[in-house]
Amino acid sequence: MTRDQVLDRLKSVHDPEIPDLSIVEMGMVMAVSVTDDAIRVTLRPTYIGCPALDWIRIGVENALKPAAASVQFDMGAIWSASDITPEGKAKLQAFGIAPPQLDSQQVRCPQCGSENTRRTSQFGSTLCRSMYYCEHCQEPFEAWKTV
Ligand SMILES: [Zn+2]
């Protein structure tokens, strides 16, 4: 298997907290090395507090079968919103979820782009999202917590 083929297969693996995007679109794949007898994948975790890492590791292993892959998380690597690929950001927008923003003071409404928003609840449908309300379109929406 080539490195590109590995990346292609990884596009079928999703973080359960963010099922809309693959781990490739999330920018979680830091390194892929392919040798004759081993595939090694290094991932950058998105949210330390989210118990999804095992799930993702198993997803990667399954996606690369029958090849044996070793998966490791670089816990020292800091993932940020800027690691999301442009395709990934466009998808998020289409799903109506505000991408995580580095400056978490003002979260932009994914529907109208207004910054006139306020947080209504710390937890949304998953632990990694918060609920917001847009004063401009008067609609609630979800935004990722910023790490
Ligand atoms: Zn709005």
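Which residues of H2 are buried? In this predicted model, local features need pLDDT of at least 70 and side-chain atom pairs count only at pLDDT 80 or more, while totals for chains, interfaces and linings use all residues. Residues are numbered from 1 along each chain as its sequence is written.

The secondary structure of the protein chain comprises three helices and nine strands. Helices (H or I, at least four residues) and strands (E, at least two) are DSSP runs, numbered from the N terminus. From the N terminus on, the order of elements is α-β-β-β-β-α-β-α-β-β-β-β. Along the principal axes, the C-alpha atoms fill a box of roughly 55 × 25 × 20 Å. Domain 1 (3-73) and domain 2 (96-144) are given by the domain assignment of the protein chain, the bounds of which come from an automatic or database domain assignment. The C-alpha centres of domain 1 and domain 2 lie 28 Å apart.

Of the 147 residues of the protein chain, 30% count as buried. A residue is buried if 20 or more other C-beta atoms lie within 10 Å of its own, exposed if 12 or fewer, and partly exposed in between, with C-beta atoms placed from the backbone. Of the contacts in the protein chain with a separation of 6 or more, 50% are between residues 24 or more positions apart; two residues are in contact if their C-beta atoms, placed from the backbone, lie within 7 Å.

Helix H2 has 12 residues and reaches 17 Å from its first C-alpha to its last, close to the 16 Å expected at 1.5 Å a residue. The expected span is 1.5 Å times one less than the number of residues. The buried residues of H2 are Ile-56, Gly-59, Val-60 and Leu-64. Seen down the axis of H2, these buried residues fall within an arc of 120°, so they line one face of the helix; the arc is that of the directions from the helix axis to the C-beta atoms. Asp-54, Ile-58 and Asn-62 are exposed on the other side of H2. The cover over the buried residues of H2 includes H1, strand E1 (14-15), E4 and strand E5 (69-73). Leaving aside residues up to four places away in sequence, Val-60 touches Leu-10, Val-13, Val-41, Ala-69 and Val-71.

Val-60 also belongs to the largest nonpolar core, which has 31 residues; Ile-23, Val-29, Val-41, Val-60 and Ala-143 touch the most other members. A nonpolar core is a set of buried Ala, Val, Leu, Ile, Met, Phe, Trp, Tyr and Cys residues joined through C-beta atoms within 7 Å. At least two residues of this core are supplied by each of helix H1 (3-10), strand E2 (18-22), strand E3 (29-34), strand E4 (39-43), helix H2 (53-64), E6, E8 and E9. Domain 1 and domain 2 each contribute at least three residues to this core. In soluble globular proteins, nonpolar side chains tend to be buried together.

An open sheet of four strands has the order E6-E9-E8-E7 and mixed pairing. Its edge strands are E6 and strand E7 (117-121), each of which pairs on one side only. Two strands pair if DSSP finds at least two bridges between them. Strand E6 (residues 97-98) pairs with strand E9 (residues 139-144) in the parallel sense over two bridges, and Ile-97 stands opposite Glu-142 in E9. Strand E8 (residues 129-134) and E9 run antiparallel and are joined by six bridges, with Arg-129 opposite Trp-144 in E9. E7 and E8 also run antiparallel, joined by four bridges; Arg-119 has Tyr-132 in E8 as its bridge partner.

The hairpin of E8 and E9 has four residues between the strands. In the loop between these strands lies Gln-138, with phi near 55°, a positive value in a residue other than glycine. Gln-138 is exposed, with 7 other C-beta atoms within 10 Å.

The peptide bond from Lys-65 to Pro-66 is cis, with omega near 10°. Lys-65 counts as exposed because it has 9 C-beta neighbours inside 10 Å. From Lys-65 to Gly-27 the separation is 38 residues in sequence and 22 Å in space, C-alpha to C-alpha.
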